[in-house]
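This report examines a single protein chain for a reader who is new to structural description. Please keep the sequence and the model in view while reading.

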Amino acid sequence: MRVVTWNLWWRFGPWADRREAILAVLRELAPDVVGLQEVWAVDGGENLAASLARDLGLHWDWSPSPAPERWQRRIGDDTVGVGTAVLSRWPVVERAVLRLPAPAELDDGRLASYARLDAPGHRIPFFTVHLTSGGGPARAVRREQAAALAAFVTAHRHGTAHPPVVTGDFNARPEAPEVRLLRAGGLRDAWAHAAPGAPSGTWDTANPYVAHADGEPSVRIDYVHVGPPGPGGLGRVLAVRRAGAGPVDGVWPSDHAAVVADLAAAGTAPALASGGPGTPGW
């Protein structure tokens with residue numbers, strides 16, 4: 001199963017051209033399930049998740065932010081919504097949404113979304129999330145949000161042998177407490193199976209949309225986390241890498257690179273489950 005997570009940079013920049021670049025990347029990847037953040041929808045008009053799903057032949061689920069006003073003020077358009085979305089090769093048979101906790105001065109309606117996917121053999125508990133951005137007080141907010149996310153995953157991971165798959169933009173480095181909190185709860189960072197030395201920055205200063213980041217290094221802030229494998233190695237991470245990390249016909253798709261993880265079906269031979277020399281699958 002191929003899993004992708006990607007922050008699509010909402011309606012910023014050359015969004016119409018970027019939409020075509022995003023579609024081209026996803027079409028080439030041929031994912032089975034995608035977790036998307038900063039997805040736009042126009043009142044009475046196009047929903048980006050719906051249109052991408054249509055063009056890719058996938059099912060889709062959209063969770064709009066209940067408080068998009070701060071986003072809308074940034075582009076001067078109160079007709080455009082923002083939210084998270086799931087695209088899936090298989091139908092969504094159960095869903096739930098968690099509004100992430102945040103104090104009023106930092107609350108811009110961020111969400112965690114859950115979709116149970118009716119995949120052959122085992123239904124998949126799939127999650128995507130967009131944590132608060134920024135430094136200072138936002139760090140404590142993200143820790144609270146990560147704790148709420150962990151409880152949300154626990155509440156919805158039941159009833160299937162497939163491990164939960166948790167994707168999203170955490171706006172935090174791998175060593176940050178909010179990311180470590182998920183690992184402490186039994187979820188595992190798929191990037192452990194990347195090829196040694198593979199470029200990891202999903203917030204990459206080579207990207208012209210990130211060039212304003214005044215000397216900050218490229219960092220990985222987008223993640224695929226997976227629970228322990230089920231019977232026969234179900235859900236074991238086989239490989240992981242970036243995608244969308246360069247221009248498509250001269251257009252950079254987003255200010256984030258995507259993360260792509262390949263997970264095993266039950267019974268996959270352990271010899272295949274390695275992201276690099278000496279790296280065991282789990």
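The structure is a predicted model, in which local features need pLDDT of at least 70 and side-chain atom pairs count only at pLDDT 80 or more, while totals for chains, interfaces and linings use all residues. Residues are numbered from 1 along each chain as its sequence is written, and side-chain values use heavy atoms, with hydrogens and water left out.

**Helix H1 and its surroundings**

Helices (H or I, at least four residues) and strands (E, at least two) are DSSP runs numbered from the N terminus. Helix H1 covers residues 15-29, which makes 15 residues. From first C-alpha to last, H1 reaches 21 Å, close to the 21 Å expected at 1.5 Å a residue; the expected span is 1.5 Å times one less than the number of residues.

A residue is called buried under 20% relative accessible area, exposed over 50% and partly exposed in between, using a 1.4 Å probe and protein chains only. The buried residues of H1 are Arg 18, Arg 19, Ala 21, Ile 22, Leu 23, Val 25, Leu 26 and Leu 29. Against which elements do the buried residues of H1 pack? Their partners are the strands E1 (2-7), E2 (33-42), E11 (237-243) and E12 (258-263), together with helix H2 (48-56).

The axes of H1 and H2 come within 11 Å and cross at roughly 45°. The two helices are therefore oblique to each other, a word for angles that are not under 35 degrees (roughly parallel), over 145 (roughly antiparallel) or 65 to 115 (roughly perpendicular). In the contact (heavy atoms within 4.5 Å), H1 contributes Arg 19, Ile 22, Leu 23, Leu 26 and Arg 27, and H2 contributes Leu 48, Ser 51, Leu 52, Arg 54, Asp 55 and Leu 56.

**Salt bridges**

A salt bridge is a side-chain nitrogen of Lys or Arg within 4 Å of a carboxyl oxygen of Asp or Glu. By this rule the model has 13 salt bridges; the table lists examples.

| Pair | N to O distance |
|---|---|
| Arg 19 and Glu 20 | 3.1 Å |
| Arg 95 and Asp 61 | 2.6 Å |
| Arg 99 and Asp 107 | 2.8 Å |

Shared partners link Arg 19, Glu 20, Glu 46, Arg 54 and Asp 55 into one network of salt bridges. Within it, Arg 19 counts as buried at 8% relative accessibility, whereas Glu 20 is partly exposed at 46%.

Arg 95 is partly exposed at 40% relative accessibility, while Asp 61 is buried at 11%.

**Individual residues**

Most residues other than glycine have a negative phi. Trp 10, in the loop between E1 and H1, has a positive phi of about 40° although it is not a glycine. Its relative accessible area is 0%, so Trp 10 is buried. Ala 30 follows H1 and belongs to the loop between H1 and E2. Its phi is also positive, about 50°, and Ala 30 is partly exposed at 44%.

Leu 263 belongs to strand E12 and is buried, with a relative accessible area of 3%. Leaving aside residues up to four places away in sequence, Leu 263 touches Met 1, Val 3, Val 165, Val 226, Gly 235, Arg 236, Val 237 and Leu 238.

Notes. Axes are lines fitted to C-alpha atoms, for helices over the stretch in contact, and angles run from 0 to 180 degrees between N-to-C directions.
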